[in-house]
Amino acid sequence: MEALKSCYGDGSSDSDSESVPSAPTSAPSAVFTPLPPPPISLLDPSAFLDLQTGQTTRVRSFPHVDGNYALHIYIPINISSPSKKELSAFLKKVSSREPNLNVIDVDVPLNVLCKNDEKLEQVALGREFHISLGRTVPIRVHQIDSVISMLKQKLQIQRQFWIDFNKWEVFVNDDHTRTFLSVEVVQGGLIEITKQIEAVNTVYRLHNLAEFYKDPHPHISLAWALGDISHSLKKVVDEEMKCAVGKSFKKSIFSCKFKGIECKIGKKAYTICKIPDGH
């Protein structure tokens with residue numbers, strides 16, 4: 001599997017990470033024909049079925065510059081099995097009315113997955129999700145140690161708390177090239193996460209990095225579509241939520257425990273803080 005990925009690339013959008021060109025070599029005597037791209041089911045075991053995927057265009061939030069590394073700090077989120085079933089049911093309803101949605105980070109059409117409940121839960125909801133605590137920004141190599149050190153200093157001591165995802169919401173990125181279907185934290189955990197965002201902003205400010213939005217909305221995104229379809233998607237979501245009123249009296253869509261903060265710079269991951277299991 002790793003050998004295949006090294007030949008074809010892992011398809012990740014995080015190409016602002018290390019990219020060391022290989023040293024030039026003498027031309028081989030024989031001419032080799034490049035291998036065709038492998039199917040997604042081979043590169044991504046989570047897909048486990050031959051999925052018909054459309055070719056999509058990834059759009060950078062900032063241009064790639066040699067020597068820059070993409071910095072992303074976040075709370076890892078995993079969805080429990082019981083919650084996956086309820087989320088899947090809602091995704092199927094929305095997808096049936098909005099066919100342009102894709103699974104987040106996988107570029108697989110959501111309506112293809114909706115034909116198989118097991119596939120939908122495993123591929124669309126079985127991955128690790130992220131609540132971003134800061135913008136994804138480019139930093140220089142000489143800033144890395146300082147950024148990590150300050151993040152740990154300000155965020156290493158955290159207590160455990162419950163994060164409640166209470167609301168379906170639609171977001172659009174800054175340049176309106178993508179629309180996201182998300183679940184937002186509006187009650188339980190909001191105060192704690194807001195304080196964490198303020199701490200990250202302080203570190204960013206000291207390194208002349210762009211701070212987070214003035215009015216942050218902590219969330220995880222489950223699906224995306226090209227372009228700005230926020231108006232039509234919001235209408236669908238609102239109508240489906242109205243239909244669901246009265247069917248469930250749960251205070252949240254799903255909940256999970258805060259277990260730590262991670263940071264990714266390029267392809268390297270750093271643990272900023274971690275809550276031991278059982279706490």
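Q: Where does H72 lie, and why is H72 called buried in this predicted model?
A: H72 sits in strand β1, residues 68-77. Its relative accessibility is 17%. Buried means under 20%, so H72 counts as buried.

Q: What makes the pairing of H72 with S132 a polar contact?
A: The two side chains come to 2.9 Å. The limit for a pair of N or O atoms is 3.5 Å. The pair therefore qualifies as a polar contact.

Q: Which residues beyond its sequence neighbours is H72 in contact with?
A: Leaving aside neighbours within four places in sequence, H72 is in contact with H130, S132, G134, T136, E262, C263 and K264.

Q: How do you know that the "active site" residues H130 and H219 gather at one spot?
A: UniProt, in an unreviewed entry, places the feature "active site" at H130 and H219. They span 90 residues in sequence, yet no two of their C-alpha atoms are more than 7.9 Å apart, so they gather at one spot. The annotation may be inferred rather than shown by experiment.

Q: Why is H130 called partly exposed?
A: H130 belongs to strand β3, residues 129-132. Its relative accessible area is 27%. Partly exposed lies between the buried limit of 20% and the exposed limit of 50%, so H130 is partly exposed.

Q: What does H130 touch, and which side chain makes a polar contact with the side chain of H130?
A: Not counting residues up to four places away in sequence, H130 touches H72, Y74, I75, P76, H219 and I220. The side chain of E128 makes the polar contact, at 3.3 Å.

Q: Why is H219 called partly exposed?
A: H219 is in strand β8, residues 219-226. Its relative accessibility is 23%. Buried would require under 20%, and exposed over 50%. H219 therefore counts as partly exposed.

Q: What surrounds H219, and which backbone oxygen does its side chain reach?
A: Contacts of H219 outside four places in sequence are H130, I131, F165, F171, S182, V183 and E184. The side chain reaches the backbone oxygen of H217 at 2.6 Å.

Q: Which residues touch the most other members of the largest nonpolar core?
A: They are I77, I163, F165, W168 and I220, in a core of 69 residues. Helix α7, residues 190-206, gives the most to this core, with six residues. In soluble globular proteins, nonpolar side chains tend to be buried together.

Q: What does W168 touch?
A: Beyond four places in sequence, W168 touches L87, F90, L91, L181, S182, V183, L222, V237, M241 and I253.

Q: How do you know that the span of helix α6 is close to the expected one?
A: Helix α6, residues 144-155, has 12 residues. It reaches 16 Å from its first C-alpha to its last. The expected value, at 1.5 Å a residue, is 16 Å.

Q: What makes the buried residues of α6 line one face?
A: The buried residues are I144, V147, I148, L151 and L155. Seen down the axis of α6, they fall within an arc of 95°, so they line one face of the helix. An α-helix has 3.6 residues a turn, so residues three or four places apart point the same way.

Q: What covers the buried residues of α6, and which exposed residues does the face turned away carry?
A: The cover includes β1, β4 (137-140), α7, β10 (260-265) and β11 (268-274). The face turned away from the buried side carries the exposed residues D145 and Q153.

Q: Why is K152 called partly exposed, and what is K152 in contact with?
A: K152 lies in helix α6. Its relative accessible area is 30%, so K152 is partly exposed. Outside four places in sequence, K152 is in contact with T271 and I272. The C-alpha atoms of K152 and C273 are separated by 6.9 Å, though 121 residues apart along the chain.

Q: Why is K85 called exposed?
A: K85 is in helix α3, residues 81-97. Its relative accessible area is 55%. Exposed means over 50%, so K85 is exposed. K85 and D117 are 32 residues apart in sequence and 8.5 Å apart in space, C-alpha to C-alpha.

Q: What is the phi of H176, and why is H176 called partly exposed?
A: Phi of H176 is near 60°, a positive value in a residue other than glycine. H176 is in the loop between β6 (167-172) and β7 (178-184). Its relative accessibility is 47%, so H176 counts as partly exposed.

Q: Why is N208 called exposed?
A: N208 is in the loop between α7 and β8. Its relative accessibility is 75%. The cut-off is over 50%, so N208 counts as exposed. Phi of N208 is near 60°, a positive value in a residue other than glycine.

Methods. Residues numbered from 1 in each chain as written. Predicted model: local features only at pLDDT ≥ 70, side-chain atom pairs only at ≥ 80, totals over all residues. Heavy atoms only, no water. Helix = DSSP H or I, 4+ residues; strand = E, 2+ residues; numbered from the N terminus. Buried < 20%, exposed > 50% of the residue type's maximum accessible area, 1.4 Å probe, protein only. Polar contact = N/O pair within 3.5 Å; in protein donor to acceptor, adjacent residues only side chain to side chain. Contact = heavy atoms within 4.5 Å. Core = buried A, V, L, I, M, F, W, Y, C linked by side-chain atoms within 4.5 Å. Expected span 1.5 Å × (residues − 1). Arc of directions from axis to C-beta.
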